[in-house]
Amino acid sequence: MLKRSADSEASKGGANKRAANTATTATKQSSLLAWMKPKAAATTDATTDATATTGQASTAVVKTKPDILKNLPDEKKELLQLEQDTMDATWLRALQAEFTKPYFIELKKFLKQEADNKQQIFPPREDIYSWSRFTPLPTVRVVILGQDPYHDDNQAHGLCFSVKKPVRPPPSLRNMFKLLQSDIPGFKVPNHGYLETWARQGVLMVNAAMTVRAHQANSHKGKGWEKLLDQIIKTINDQRRNVVFLLWGKDAQNRGVLIDKKKHLVLQSVHPSPLSASRGYFDCAHFSKANKYLEENGQTPINWNSLVDDTS
């Protein structure tokens, strides 16, 4: 999410504006996938401009967004409009072959059925791919894998473990902060749980299931999102070097087989959930180990303490 969606176009006014609004309303009412239509595109239609910080020179990355809807039948265009409109261009290009595979089309049909049945889905549709917009592919330096999005109101926004302000940090995130206090000198626990400043430094935070039915944990598990996550990991493994993967819990650790440990650093521990954190999480020192590895490979360490300065 490029800083709270600043993509709305300027109004044109007068009769033209009223006519355009009428036409737009008619189009939306006829949509087969009202839930899947984004409220606002979070990136421009043509390009994404990201900066990859490597500890040396910063490199501006501009990618033309591919048209993944081209030559598709209308039904598939409806199903994939959300990806076209809200995914970062670098990720859209890297993953475009996945979106027309049978498993992904079935996933999108399932989500359509959820919408038709008036089920409330988290995160909001425009935030499902916010992980891609906060952390474009060329900027990825650290990967944190989550499991299921938070399923209570106003929590999930597309980054695993992160919650929107002013929601109180959930227990797993509080345990992450507890580890940071002992692992990173000078770390101060922020008064919020919004992890945007990490994501913008190259920390990719993504869940295995990217959606969930409101108040029903794991309700979208096994519907196809996990296959997309595997492709995301494979893409990072193939296209990036010297990335740190933080694999917490068995579900995340099982994906370690997709990672070339000669190219990247894989750190494993129990999950920070209160159910398991006492079995070694607080002693894993993963945040300092990640920074040490980045520095050893010519990259700038992550400022894990950046959260306390976030006043957005």
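Is Lys112 buried, exposed or partly exposed? Good morning, colleagues. The model before us is a predicted one, and in it Lys112 is partly exposed, its relative accessible area being 25%.

Lys112 takes part in a salt bridge with Asp116, in which the closest N and O atoms are 2.8 Å apart. Both residues belong to helix H4, residues 102-116, and they are four residues apart, about one turn of the helix. Asp116 also counts as partly exposed, at 39% relative accessibility.

In total, nine salt bridges are counted. Another of them joins the side chains of Lys165 and Asp310, at 3.5 Å from N to O. Lys165 lies in the loop between strand E4 and helix H6, and Asp310 in the segment after H10, so this pair ties together parts that are 145 residues apart in sequence. Here Lys165 is partly exposed, at 23%, whereas Asp310 is buried, at 10%.

I turn now to the aromatic residues. The whole structure contains 14 aromatic pairs. In one of them, the ring centres of Tyr103 and Phe104 are 6.2 Å apart and the planes stand at 85°, so the pair is edge-to-face. Tyr103 and Phe104 are both buried, and they belong to one aromatic cluster that also includes Trp91, Phe99, Tyr129, Trp131 and Trp225.

Trp248 and Phe287 form a further edge-to-face pair, with 6.0 Å between centres and 70° between planes. Trp248 is in strand E7 and Phe287 in helix H10, so the pair ties together parts that are 39 residues apart in sequence. Both residues are buried.

Finally, I note two lysines placed over rings. Lys178 lies over the face of Phe282, 4.5 Å from the ring centre, and Lys223 over that of Phe110, at 4.7 Å.

Definitions and conventions
Residues numbered from 1 in each chain as written. Predicted model: local features only at pLDDT ≥ 70, side-chain atom pairs only at ≥ 80, totals over all residues. Heavy atoms only, no water. Phe/Tyr/Trp six-rings, centres within 6.5 Å; stacked < 30°, edge-to-face > 60°. Buried < 20%, exposed > 50% of the residue type's maximum accessible area, 1.4 Å probe, protein only. Helix = DSSP H or I, 4+ residues; strand = E, 2+ residues; numbered from the N terminus. Lys NZ or Arg CZ within 6 Å of the ring centre and 35° of its normal. Salt bridge = Lys/Arg side-chain N within 4 Å of Asp/Glu carboxyl O.
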